[in-house]
Amino acid sequence: MSEVRVRIAPSPTGNLHVGTARTALFNWLFAKRHGGTFILRVEDTDLQRSEERYTQNIFDSLRALGIDWNEGPDVGGPFAPYTQMERLSLYQEFAQKLLAAGEAYYSYETEAELEAQRDAAKANGKPYAYRRPSAEVLAAQQADASRTKTLRLAVPENRGNIIVKDAIRGDVSFDSSLIGDFVLMKSTGSPTYNFAVVVDDALMKITHIIRGEDHLSNTPRQALLYEAFARLGLTSAELPVFAHVGMILAPDRSKLSKRHGATAVSDYIQQGYLPEAFCNFLSLLGWSPPDGEEIASLTRFAEHFDLTRIAHSPAVFEMDKLNWLNKHYIRELPIEDFARLAQPYLQDYDLSEYSHEHLLLMLDAVREPLTTLADVKAATSYFFGAGVTLDAQVVGETLMSDEASTVLGAFALQFRENVSFISPQALSDGLKELIQSLKPLKAKAILWPIRAALTGRVHGADLGKTLYLLGREKVLLRLDSALRLIARPPVSS
């Protein structure tokens with residue numbers, strides 16, 4: 001295989017979409033697998049919708065996922081510039097060469113006239129394909145100064161079927177008679193997508209075009225442009241290798257959209273999904289490693305990445321799978337890294353209540369069940385402040401149970417003076433002694449009221465660690481508050 005050169009070319013009309021991120025990842029993995037070059041190109045010719053903030057979001061999101069590029073707008077490269085609006089002179093140069101050689105021509109129809117042509121074709125039950133008007137009609141149009149002109153490719157008559165070799169789908173055939181003479185340069189002077197992308201791919205020597213199947217319909221037009229360029233000696237006659245990846249669908253198998261939740265990479269990261277977990281998840285959307293290993297680094301996946309293992313059928317964005325992966329990555333984080341990443345979600349709390357060592361212990365104690373980093377806020381809430389909010393259901397079902405008063409009284413008696421708060425282990429040992437002294441009550445009937453009184457819930461971090469972190473003063477303060485609550489006589493109706 002010659003030197004592999006692949007690219008991702010997002011439009012900065014919104015934040016980086018998960019589908020575009022998956023495409024970028026597949027290109028990156030392929031480049032790494034073959035020691036090739038990965039290029040980032042920005043397609044910003046949609047002037048009304050393109051914004052610098054979206055360009056920055058694309059850069060930031062890709063880097064957050066661990067995807068870097070060898071050539072691009074911010075790092076340069078031998079085929080700069082890598083932003084389309086800075087390449088307008090190149091598109092105009094290619095357009096003029098096509099025009100001079102008779103491979104392209106100017107058309108002057110108004111939008112109303114084009115719509116009438118489409119309506120007429122539909123009325124006759126025929127597919128619409130634009131064809132060059134007669135010389136007389138064209139001359140009359142040119143004489144009308146009110147008309148604007150667009151440049152169209154002259155699709156060769158009787159071209160026959162266009163066969164495109166697709167590394168994922170095999171040979172794909174397109175009937176050229178259904179493809180009209182399509183626009184290359186708009187009346188505004190800006191290039192169309194198909195024209196600009198082929199000029200860029202040809203000049204940047206792109207060898208493989210890995211993209212979503214939504215671009216499959218663009219492929220025959222791009223193939224025709226490559227053929228026209230080759231006839232003029234502007235590019236090689238050999239097409240790049242195309243590989244069209246199946247779409248990403250929502251769980252209901254509809255198009256993934258905002259109604260299903262977040263669709264931008266930055267949204268998921270903001271919600272507390274680790275970039276490493278999200279990237280791992282994206283890797284498995286339509287591709288499977290040969291060894292069946294689902295959790296691995298990008299470097300490891302790159303060692304096995306092959307276009308033949310990409311499915312042409314759609315991939316389903318399964319939140320359960322993403323959540324499972326994220327939980328795994330959170331559990332595997334070094335505790336210092338976890339603490340650093342959790343900080344933004346703990347801003348509502350006074351972290352100065354705890355030493356750094358105790359904060360690490362707290363975070364390690366609560367992280368086992370966490371699905372996202374954002375969950376750490378609710379998981380640690382009961383550690384902060386003097387008191388705790390008692391949920392009405394917890395009070396009714398746990399603190400008002402027949403055993404609760406006895407349990408809390410015994411706990412208060414034992415832990416007020418007789419149990420050391422020197423370590424979590426000492427407190428766990430004290431709880432074991434309490435359980436033994438209160439037999440035949442079951443452990444659940446003893447531990448749930450204690451946890452409810454101290455944390456406002458019946459599930460949470462290891463109770464020995466919880467007692468240690470809260471400290472004797474805070475434990476007894478919350479315990480006394482709970483005892484006063486359950487001792488209060490019921491309100492008469």
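Two strands are said to pair if DSSP finds at least two bridges between them. By that rule strand 5 (residues 161-166) and strand 6 (residues 170-175) are paired, since six bridges join them and they run antiparallel. The model described here is a predicted one.

## Strands and sheets

The link from strand 5 to strand 6 is a hairpin of three residues. Within this pairing, Asn161 has Asp175 of strand 6 as its bridge partner, and Lys165 has Asp171 of strand 6. In a regular strand the side chains alternate between the two faces of the sheet.

An open sheet of three strands has the order 3-4-7, and its pairing is antiparallel. Strand 3 (104-107) and strand 7 form the edges, each pairing on one side only. From one strand to the next, the twist averages 45°. Strands of a sheet pair through backbone hydrogen bonds, either parallel or antiparallel. Strand 3 pairs with strand 4 (residues 150-153) over four bridges, in the antiparallel sense. In this pairing, Tyr105 stands opposite Arg152 of strand 4.

## Rings and charges

Tyr105 also has a charged neighbour, as Arg132 lies over the face of its ring. Another such arrangement involves Lys444, whose charged end sits over the ring of Trp448. The table sets out the two cases.

| Charged residue | Ring | Distance to ring centre |
|---|---|---|
| Arg132 | Tyr105 | 4.0 Å |
| Lys444 | Trp448 | 4.4 Å |

Across the whole structure, a search finds 15 aromatic pairs. One of them is formed by Phe281 and Phe317, with an edge-to-face geometry: the centres are 4.8 Å apart and the planes are at 80°. This pair links distant parts of the chain, 36 residues apart: Phe281 is in helix 9 (residues 275-283), while Phe317 is in the loop between strand 11 (315-316) and helix 11 (319-332). Why do Phe281 and Phe317 count as buried? The cut-off for a buried residue is under 20% relative accessible area. Phe281 counts as buried because its relative accessibility is 3%, and Phe317 because its value is 2%. Ring pairs also join both residues to Tyr268, Tyr273 and Phe278 in a cluster.

## The nonpolar cores

The largest nonpolar core has 109 residues, and Phe317, Phe383, Phe411 and Ile450 have the most contacts inside it. Helix 19 (residues 463-487) gives the most to this core, with ten residues. Among the residues touched by Phe411, leaving out those up to four places away in sequence, are Leu431, Leu434, Ile450, Leu454, Leu467, Val475 and Leu479, and Arg416 is also touched. A second, separate core has 35 residues, including Tyr91, Ile179, Phe182 and Ile209. In soluble globular proteins, nonpolar side chains tend to be buried together.

## A covered helix

Helix 6 (residues 193-203) is mostly covered, with nine of its eleven residues buried. Those buried residues are Asn194, Phe195, Ala196, Val197, Val198, Val199, Asp200, Asp201 and Ala202. After helix 6 comes Lys205, which has a positive phi near 55°.

## Two contrasting sites

Is Thr55 buried or exposed? Thr55, a residue of helix 2 (residues 52-64), is buried because its relative accessible area is 11%. Apart from neighbours within four places in sequence, Thr55 is in contact with Pro12 and Val42.

Asn418 is placed in the loop between helix 16 (404-417) and helix 17 (424-437). A residue counts as exposed when its relative accessible area is over 50%. Asn418 is therefore exposed, at 62%. The C-alpha atom of Asn418 is separated by 87 Å from that of Ala237, and the two residues are 181 residues apart along the chain.

Conventions: Residues are numbered from 1 along each chain as its sequence is written. This is a predicted model: local features need pLDDT of at least 70, side-chain atom pairs count only at pLDDT 80 or more; totals for chains, interfaces and linings use all residues. Side-chain values use heavy atoms; hydrogens and water are left out. Rings of Phe, Tyr and Trp (its six-membered ring) pair if their centres lie within 6.5 Å; planes under 30 degrees apart count as stacked, over 60 as edge-to-face and the rest as tilted. Helices (H or I, at least four residues) and strands (E, at least two) are DSSP runs, numbered from the N terminus. Buried means under 20% relative accessible area, exposed over 50%, partly exposed in between (1.4 Å probe, protein chains only). A charge sits over a ring if NZ of Lys or CZ of Arg is within 6 Å of the ring centre and within 35 degrees of the ring normal. A nonpolar core is a set of buried Ala, Val, Leu, Ile, Met, Phe, Trp, Tyr and Cys residues joined through side-chain atoms within 4.5 Å. Contact means heavy atoms within 4.5 Å. Axes are lines fitted to C-alpha atoms, for helices over the stretch in contact, and angles run from 0 to 180 degrees between N-to-C directions.
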